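The exercises that follow are meant to be worked through with the sequence and the model side by side. Each task is followed by a solution that goes step by step.

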Amino acid sequence: MPSFDKNNMVENSFSKDPNTGKKRAFIVVFSLAVLAFSSTLYGIYLNFFKSVNIQTTYYLSQSAPKLPTESLFAPQPPEKKHSPENTDLNSSELIKQLEQEKENIEKTSVMLQKMIEAKENASKDEQNIADLSNIPSDNQLVQEKDTTNQTSQPQKNVPNKLDAALAAFNALDFPELKEKKIPDTQKKIPTSQKAIQKKNEKNSNVNTEINISENPYQINQETLQPDLIQSNLTDSLPDFSVIKKSSSSKKKPLEIIEPLNELQSKTENKKLPVKTKTNSPFSAYAKPFRLKENTPYIAVLFSGLGKKRNITQAAINTLPDVVSLSFSPYANNLGKYVIEARQSGHETLLDMPMQQGRFPHTDPGPLGLVTELPVSENRKRLHKVIGQDIAFIGLSATAEENFSLSEEQITPVLEELSDRGLIYVNGTDNPAHVRFSTIIRPDVHIFENFHRAAIRSKLDKAKQIALKNGAAFVRMEALPITLLVLEEWMKSVSNKSETEITFVPLSYYVKQKEAGK
């Protein structure tokens, strides 16, 4: 038996067919590739097609109705939801509810009439008030109502339709409310709504202690202060729609509407105001006014106008002509507004934009005075403001400005205004603020906390100052609410003859201060 030789066997096999090994290797590699590719496909199938989202979408698509192909491209109208037909209405229950509502209304009206009648007879006979306890209770009224309904309600079946139910309700007569006996002190109380309204108008000032409102959250605004609540926002604003219908023509216009040539000097295409030996812009453009001696008076300046057309026209046309008006130099129609104001009898001033806080966080604009700028630059800006070619008596500083805290900066401004015959109104009523002899400081300046009660309290403070010192100066910033409260307050003060306070233009107040009065 020949011995087994492994090496010899391999050599013999390759020597017979050298391509046999290559074929076997190719088959093995190909088999492994096919197996790997199959495994990959199976994994993709498990991860994607067997996921929860895909299965849900599949089952939903199977249960959803099949749509035509064109519906995938052209949007289709939504399905019409058919409401269930032949909805049966329980007419008897509806009638009962409607009857109950009507019963509550009738009971309320009867109770209201009885309370009003009791209030009227209280001063004549105190015993009448005690008789209110004889008013039938609600339970008794309900019982009588139920018994009447049983006899008056029709026995036939009512159709299950809302119209039929309403018709049945309107057919009810409620005779027990007409024939009900009322105590002697409550006889002959009318049941009609017109009689109730007449009673309410006659006794509008009577405060009832019983709340008959069906809504427990309803607020009786008559018991609240009108300064602290407004039922409607438009009630607290002026009616701008009637501005053009205002009687501004009835006011006496000022003698000088536009600036005089002799009180102007042309410099660099600007007409700057100047004063002469005999006249000045303050004297020429002020409103003439006379007042009896020893009469307390109040001057009012309304500043910040010109930026908004509605409030500007409302102030010009509705405020009394003794109120002085100050306009912003940034107003587009500044010249037109000033002419309209002077034609309505108001003397006019200009607002002077000034730095508030720290620049540039509060920038007063290209015409504003800034502490960090050179004196020459601030002078140029001042000339641009006062060179507007309009008739005005002075400048009013920005509210709460801090430019005047720098004596180096404010002194040249005050000196130039004085040399040109103009006045300067301070932007605060704080007595701790730096004061110069040529500055007119308001006693009350309303520039924040714009609530009706707060505004009126400050105006009342000015009234007390006028009664104590003989004169007061009020400055207010232009807002619809300040305009409304000021107009109402001036009317209330003028109607009270016992106070004997007179409103004067700002120029009169300044002249009296300069004269030491």
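Accessible areas here come from the Shrake-Rupley method with a 1.4 Å probe. The model is a predicted one, and every value below is computed from it.

**Exercise 1.** Describe the protein chain as a whole, stating what share of its accessible surface belongs to carbon and sulfur atoms.

*Solution.* Begin with the surface: the accessible area of the protein chain is about 33,700 Å², and carbon and sulfur atoms account for 52% of this. The secondary structure consists of 17 helices and eleven strands. Finally, consider the contacts between residues at least 6 apart in sequence, of which 72% join residues at least 24 apart.

**Exercise 2.** Determine how the axes of helix α11 and helix α12 are oriented to each other, and which residues meet between them.

*Solution.* First take the geometry: the axes of α11 (residues 309-318) and α12 (residues 334-343) come within 9 Å and cross at roughly 20 degrees. Since angles under 35 degrees count as roughly parallel, the two helices are therefore roughly parallel to each other. Then list the residues that meet, namely Arg309, Thr312 and Ile316 from α11 with Tyr337, Glu340 and Ala341 from α12. Sorted by class, this contact has three nonpolar, one polar and two charged residues.

**Exercise 3.** Locate the salt bridge between Asp389 and Lys271, and work out which parts of the chain the pair ties together.

*Solution.* The search of the whole structure gives nine salt bridges; in one of them the side chains of Asp389 and Lys271 meet at 4.0 Å, N to O. Asp389 belongs to the loop between α13 (375-386) and β6 (394-397) while Lys271 belongs to strand β2 (residues 270-273), so the pair ties together parts that are 118 residues apart in sequence. As to accessibility, Asp389 is partly exposed at 36%, and Lys271 is partly exposed at 28%.

**Exercise 4.** Is Glu416, the partner of Arg379 in a salt bridge, buried or exposed?

*Solution.* The side chains of Glu416 and Arg379 meet at 2.7 Å, N to O, and the pair links helix α14 (residues 407-419), which holds Glu416, to helix α13, which holds Arg379, across 37 residues. With buried meaning under 20% relative accessible area, Glu416 at 8% counts as buried, whereas Arg379 at 35% is partly exposed.

Key. Residues are numbered from 1 along each chain as its sequence is written. This is a predicted model: local features need pLDDT of at least 70, side-chain atom pairs count only at pLDDT 80 or more; totals for chains, interfaces and linings use all residues. Side-chain values use heavy atoms; hydrogens and water are left out. Helices (H or I, at least four residues) and strands (E, at least two) are DSSP runs, numbered from the N terminus. Contact means heavy atoms within 4.5 Å. Axes are lines fitted to C-alpha atoms, for helices over the stretch in contact, and angles run from 0 to 180 degrees between N-to-C directions. Angles under 35 degrees count as roughly parallel, over 145 as roughly antiparallel, 65 to 115 as roughly perpendicular and the rest as oblique. Ala, Val, Leu, Ile, Met, Phe, Trp, Tyr, Cys and Pro count as nonpolar, Asp, Glu, Lys and Arg as charged, and the others, Gly among them, as polar. Buried means under 20% relative accessible area, exposed over 50%, partly exposed in between (1.4 Å probe, protein chains only).
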